[in-house]
Amino acid sequence: MAIRTTPAAADQNMLPADPIVVAADVRKRFGSNEVLKGIDLRVPKGEVLCIIGPSGSGKSTFLRCINQLERIDGGAIWVAGELVGYRREGNFLYELTDAEIARQRRRIGMVFQRFNLFPHLTALENIIEGPVQVLGEKPAEARERAEALLARVGLADKRDAYPAHLSGGQQQRVAIARALAMRPELLLFDEPTSALDPELVGEVLGVMRDLAGTGMTMIVVTHELGFAREVSNRVAFMDQGQLVEIGDARQVLSDPQQARTRAFISAVHK
Amino acid sequence: MTDTVYQISHLVHVPRRHYGRMVAAALVVAALAAIAHAFAVGQIEWNYVGEFLTVPAIMTGLVNTIVMAILAMVVGIALGVIFAIMRLSENPVLSYTALGYIWLFRAVPALLQLLLWFNLALVFPTMGIPGVFSVPTVDVMTPFVAALLGLGIQQGAFTAEVVRAGLLSVDRGQYEAAQTLGMTRLKMLRRIIMPQAMRVIIPPVGNEFIGMVKLTSLASVIQYAEILHSAQNIYYANSRVIELLIVAAFWYLIVVTILSLIQGRIEKYFSKGAAPAASTK
Ligand SMILES: Nc1ncnc2c1ncn2[C@@H]1O[C@H](COP(=O)(O)OP(=O)(O)OP(=O)(O)O)[C@@H](O)[C@H]1O
Ligand SMILES: [Mg+2]
């Protein structure tokens, strides 16, 4: 599936904001190891897409390409209609400056497997850091919103706790609140529950489920097939740098069309 | 029925005797007493020590020592941060320039650097912008300026390595989380990375500050009037060599003790959120 942009569009840098993500033939290599071998994907606004697949298949790398933690070697990605990493003028693509890349990243939230909260800041300070320092929000305003977000993830009483004093599940919920504080148009989750003790997985998935209900566009790399089946609209199966199969969540998980998908799903269920 | 052999609570406990410790303690006390006695009966006029402890020349020297140590550290830390960031830059010119700076100024002895700066006029008799203005180098390279440059620049080379270690000690995930929030590189360093690196940076920099207080004594050879230089000037006149050296040593002890206390405070501040129970805010 090749992406065709209409040459008639007045400003080629402003394509429709829906789909939120358009990936066209995205390629990425580390040295001689080609990790992404041409990914094509469209994620419409409000969709929850789960990406599953074996270890090393390139799931994290693809997510990181979307918010430019990795640079792609081929193809292109648009987020909310804006070309990622480049500015297009006619037939030329100009590489963006660091400041422009930083600006593009603001609207994409990311939740990491290892939380990555700022350890020298309290839960509340973690959440207001982005809005105040990056978006230029007034501290009092940001604080008020942060408290509402903490309440939303069930941690109103932990506002002054440092990350080291929080459980893994609580840290991940603060991390989600921190991402939400930037009012993102897209949230990326990279195995958000993989570093958690089993009894803490539920509380984080619960917050994500609520979030999905609010219409947030989410791309979730996960091994939680139950969550994928229940919450996501579509599931994509990735293997060896390719999207092998993508479709309705229940359908892909219950009745996969590709042999590789079938093998993976039955292996996970063992 | 309970066996009576297992009932021992009525017996008396006899603590173990630490004979080795007693012997060691006795030896150490005896040695300390011998040293104290030797100084008490030695050729030291203790009343001179007291007399010269606070004379104006010594006080001026003390102030000069403190001022030089602080300014040289400020220069050193500023250069250290700049060169550490350059060293970690992806730009090879910046990175190798920093490497060269660190290599050069760590290798050349501080005393030699002081002498080089002080004698810069031998290489460049005048300095300035050609055609705009120019001044004789000897007028610029006062003992103060030469000492500040010599000490500050070599300190920068050491501090750069300390700062670099601090920056590298911060987890990659912290950089990524900051970038994801849309922070620019400078903001990320200032708000997220440096505050965490400080925990690693402060203890060695504190030690180097203490080292710097003592290193300023080298500046006496280029006629900078720090405390050792003042003490020497006095004993050249009155020959009370040991007494005046003790006066200088006394003040070094005081300054270093105060610095150690301050260092502890700063370390505590930057350990915010580090370990359970360490949080005070
Ligand atoms: N920075 C890097 N340098 C070199 N190789 C890398 C780097 N990051 C990832 N890779 C390689 O890219 C491939 C895909 O890695 P990626 O982390 O995207 O897989 P994944 O699907 O997320 O796996 P997992 O389920 O284990 O997280 C792997 O072979 C990995 O070794
Ligand atoms: Mg991964």
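**A chat about chains A and B**

Visitor: Where does UniProt place the feature "transmembrane region" in chain B?
Guide: The UniProt record, an unreviewed entry, puts that feature at residues 23-42, 62-86, 98-118 and 241-262 of chain B. Please keep in mind throughout that what you are looking at is a predicted model.

Visitor: Zooming out, how many helices and strands does chain B have?
Guide: Chain B has 11 helices and two strands, and if you read along the sequence the pattern runs α-α-α-α-α-β-β-α-α-α-α-α-α.

Visitor: So is chain B compact or spread out?
Guide: Chain B is more spread out than a compact globule, because its radius of gyration is 27 Å, well over the 19 Å that the globule rule gives for 281 residues. Along its principal axes, the C-alpha trace of chain B spans about 110 × 70 × 35 Å.

Visitor: How much of chain B is buried, then?
Guide: Of its 281 residues, 37% count as buried. The accessible surface of chain B comes to about 16600 Å², and 69% of that belongs to carbon and sulfur atoms.

Visitor: And what share of its contacts is between residues 24 or more positions apart?
Guide: Taking the contacts in chain B with a separation of 6 or more, residues 24 or more positions apart account for 74%.

Visitor: Switching to chain A: what does UniProt say about residues 21-265?
Guide: The record, again an unreviewed entry, places the feature "domain: ABC transporter" at residues 21-265 of chain A. That span is 37% helix and 28% strand, with its end C-alpha atoms 26 Å apart.

Visitor: Where is Thr122(A) found?
Guide: Thr122(A) sits in the loop of chain A between strand S8 (108-111) and helix H3 (123-133).

Visitor: Is Thr122(A) buried or exposed?
Guide: Thr122(A) is buried, since its relative accessible area is 6%, and the cut-off for buried is under 20%. Leaving aside residues up to four places away in sequence, Thr122(A) touches Arg159(A), Asp160(A), Ala161(A) and Tyr162(A).

Methods. Residues are numbered from 1 along each chain as its sequence is written. Chains are lettered from A and ligands numbered from 1 in the order in which they are written. This is a predicted model: local features need pLDDT of at least 70, side-chain atom pairs count only at pLDDT 80 or more; totals for chains, interfaces and linings use all residues. Side-chain values use heavy atoms; hydrogens and water are left out. Helices (H or I, at least four residues) and strands (E, at least two) are DSSP runs, numbered from the N terminus. Buried means under 20% relative accessible area, exposed over 50%, partly exposed in between (1.4 Å probe, protein chains only). Contact means heavy atoms within 4.5 Å. UniProt positions are given in the numbering used here, feature names are shortened, and annotations may be inferred rather than shown by experiment. The radius of gyration is taken over C-alpha atoms; the globule rule is 2.2 Å times the number of residues to the power 0.38. Accessible areas come from the Shrake-Rupley method with a 1.4 Å probe; for residues, only the protein chains shown count as cover.
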